[in-house]
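Please look over the sequence and the model before turning to the points below.

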Amino acid sequence: MIVNGVIDAKTEMMDRQPEINTQRDVYQVDALSANNNAPAMADRRPAAKKLPKKKRKCMDYVRKTIPSIDWLFLNYRWSEDFAEDTMAGIAVAVLNIPQGMAYSILGNVEPTVGLYMAVFPVLVYSLLGTSRHISLGVLSVLCLMTGKVVTMYATDGTGYTAIQVATAVTMVAGLVQLLMYVFRLGLLCTILSETLVSGFTASVAVIVLTSQLKELLGVDVARRVGMMQVPHTFYDFADRFHTINWMTTAVSVTTIAVLLLYNKYLKERINSKLCMPLPIELIVTIVATVLFQVTTIAQDYDMVQMGEIKSGLPAFEVPPVKLFSAVFMDACVIALVGYSITMSLALLVAEKLKYPLDTNQELLAQGLGNVVGSFFSCLPSGASPSRSASQQTVGGKTQMASIVSAGIIVVVLLWIGVVFEPLPRCVLSSIIVVALKGLLLQVLDFPEIWRKSKTDGAVWIFTYSTVIVLDIDTGLLVGVVVSLLFVFVKGVLNEVHVLGRLPDTDLYVRLDLYGDAVEVPDVKIVRYAGSLNVINRYMFKRKLIEVTRAGYNDASMTMTVTVVDGKHATGGRRTQCVVLDMAALQYADASGVKMLSESIESLVSDGFDVYLAAVPDSSLEYVRCNNDVKSVRFFPTVHDAVVFRQCSSKKIQNLTYDSQSTKTPNGL
């Protein structure tokens, strides 16, 4: 209420502190079960068998395995969606042309390979995948990892060409993903957390940038691979800096400047006025191609050009089986990284647009896409953030956009690809560097990650530094191990805190966090949080003893009372009470429950009454069946245990007082 502009204090207090007044009996767990008609443990019968599921027809399995039967052949809305899918497909295709040729450089293969990857894996995924918007094809991380394997095995001594090694990696990676699909291992993508992927991709971006310095500056140095490649590469450039090609450097700087300035100042303004994003990378590529076609600048300054570009589609060729064992480990890592990054992007888009994904079906789609692509000179494929974002923002509704994009790329391969032969390679390297800007700047997120979670910060910095200093595979392995180690450590750590009650409430909170909380007289309330297992059982016992003994000694445990013994009055001990709040118990095994019993027995022998409160249903029966101490009472909440204790103490005090009153006259 407002009176003369002044808010009534009582009304404001009621608005800010609404009261909830309840009145109920104090329950123990057994009484609570009885009042709710829950059968006792001894009377419980096995649950009735579930009704048999309706048998699926063969067509149901076919439609689940090939989702395109539903969305493309049965339910596609040609009049409503085809126009938007076509526009999205054109937008993705114009991005695929420069990116495909550029990222092929990272894989140490011909520039047309990146265009092949925009056709064969894409068509397979569009028929089998469950994401409607991701765009499969070249991905810088996978191309770089494959390029390392190509450098290792495509030498004169082995007799294998670069494309043979690359397709062997693609085949093995696809087979690994199909094997994961057979064993329903779609959730393995969760091994790579968002923090780990962020540190990994940021560090790989540094390696990609380092690998492109040769093309950007025109310096004649050998490409480094393996451990310490980044430090060694910078040493090589410092040693060979006098061989820098200044015209190549000028073209690279100009290209990078144009792309950065456009993205920063013009991109949003121009795209807001167009029906599809302006393909600035393709425009730069075409302008540079025309410029170096009509001039002799490249020849005059010894600039490295694209050279011969094959026209037409690749021939069917089986990858060399003898290489499978040699590239197996690298292909396994590539398969896991490619699937994890693709699934992260697919889940992000699916959550935004509210449609379901099947993680195992994604393994089938990507795995079979790689297997088919390996027969047609493709590297391992993955979803590109830039192309996927373009496909979604332009208005694409289904994977029909990918089919349209693949059709356009086929046209480019058949008739248009050869026109890019005069293009300097430094232009494509510049496009790569600009595309890596977002990944490179992820290092600026580290302070915020560290501030929010020291654990996530440690995973990020370990992954980032080991990938750069050592190698991609080693760094990723270190990141996964550190991440799982932290998960394991957090799983075995436990917390024991003493609780107090907020005055005039039934809320019990940590005494070290809430200054208003006070301990209940003669009741020690202890909250346990964590699992209780064979690893942390002794830690649990030690912490429990520490907090229950704190503040108690023999003097405080003893006092003179009068207890009715039928005829005689005797001295006794004040019985303290320990309430164990187990609401945050995650899991308890046999060893942990045994240690809990031993700890309770020790407390009981020392004169404590022990109550267990809020034990989770998943652990309640297990704890009760394996607990050897029969004097323990179980309560549904901490407040029930405290009130029960206070009422019991009051009855004892009243009984003592009545006994003393009866015996007083005889004492006189």
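The notes that follow cover a sheet, a helix pair and a single serine.

The model is a predicted one. One of its features is an open sheet of six strands with mixed pairing, in the order E6-E5-E7-E10-E11-E12. Elsewhere, helices H10 and H12 pack against each other, and Ser131 is buried.

**The sheet as a whole**

- The edges of the sheet are formed by strand E6 (508-510) and strand E12 (633-635).
- Each of these two strands has a single partner strand, so one side of each is left without a neighbour in the sheet.
- From one strand to the next, the twist averages 35 degrees.

**Pairing between strands**

- Strands of a sheet pair through backbone hydrogen bonds, in either a parallel or an antiparallel sense.
- Strand E5 (residues 495-501) pairs with E6 in the antiparallel sense over three bridges, and Arg501 stands opposite Tyr508 in E6.
- Eight bridges link strand E7 (residues 523-532) to strand E10 (residues 576-588) in the parallel sense; Lys524 has Val578 in E10 as its bridge partner.
- E10 also runs parallel to strand E11 (residues 608-613), to which six bridges join it, and here Leu580 stands opposite Leu612 in E11.

- A right-handed β-α-β unit is made by E10, helix H26 (residues 590-605) and E11.

**A helix pair**

- Two packed helices are described by the angle between their axes and the distance between those axes.
- For helix H10 (residues 194-217) and helix H12 (residues 246-271), the angle is about 115 degrees and the axes are 7 Å apart.
- H10 contributes Glu215, Leu216 and Leu217 to the contact, while H12 contributes Thr248, Thr249, Ser252 and Ile256.
- The residues of this contact comprise three nonpolar, three polar and one charged.

- Ser131 is located in the loop between helix H7 (120-128) and strand E3 (136-137).
- The relative accessible area of Ser131 is 1%, which is under 20%, and the residue is therefore classed as buried.
- Leaving aside residues up to four places away in sequence, Ser131 touches Tyr125, Ala346, Tyr355, Leu357, Glu362 and Gln399.
- The side chain of Ser131 also reaches the backbone nitrogen of His133, at 3.5 Å.

Methods. Residues numbered from 1 in each chain as written. Predicted model: local features only at pLDDT ≥ 70, side-chain atom pairs only at ≥ 80, totals over all residues. Heavy atoms only, no water. Pairing = 2+ DSSP bridges. Helix = DSSP H or I, 4+ residues; strand = E, 2+ residues; numbered from the N terminus. Right-handed = clockwise from strand over helix to strand, strands pointing away. Axes fitted to C-alpha atoms, helices over the stretch in contact; angles between N-to-C directions. Buried < 20%, exposed > 50% of the residue type's maximum accessible area, 1.4 Å probe, protein only. Polar contact = N/O pair within 3.5 Å; in protein donor to acceptor, adjacent residues only side chain to side chain. Contact = heavy atoms within 4.5 Å. Nonpolar A, V, L, I, M, F, W, Y, C, P; charged D, E, K, R; others polar.
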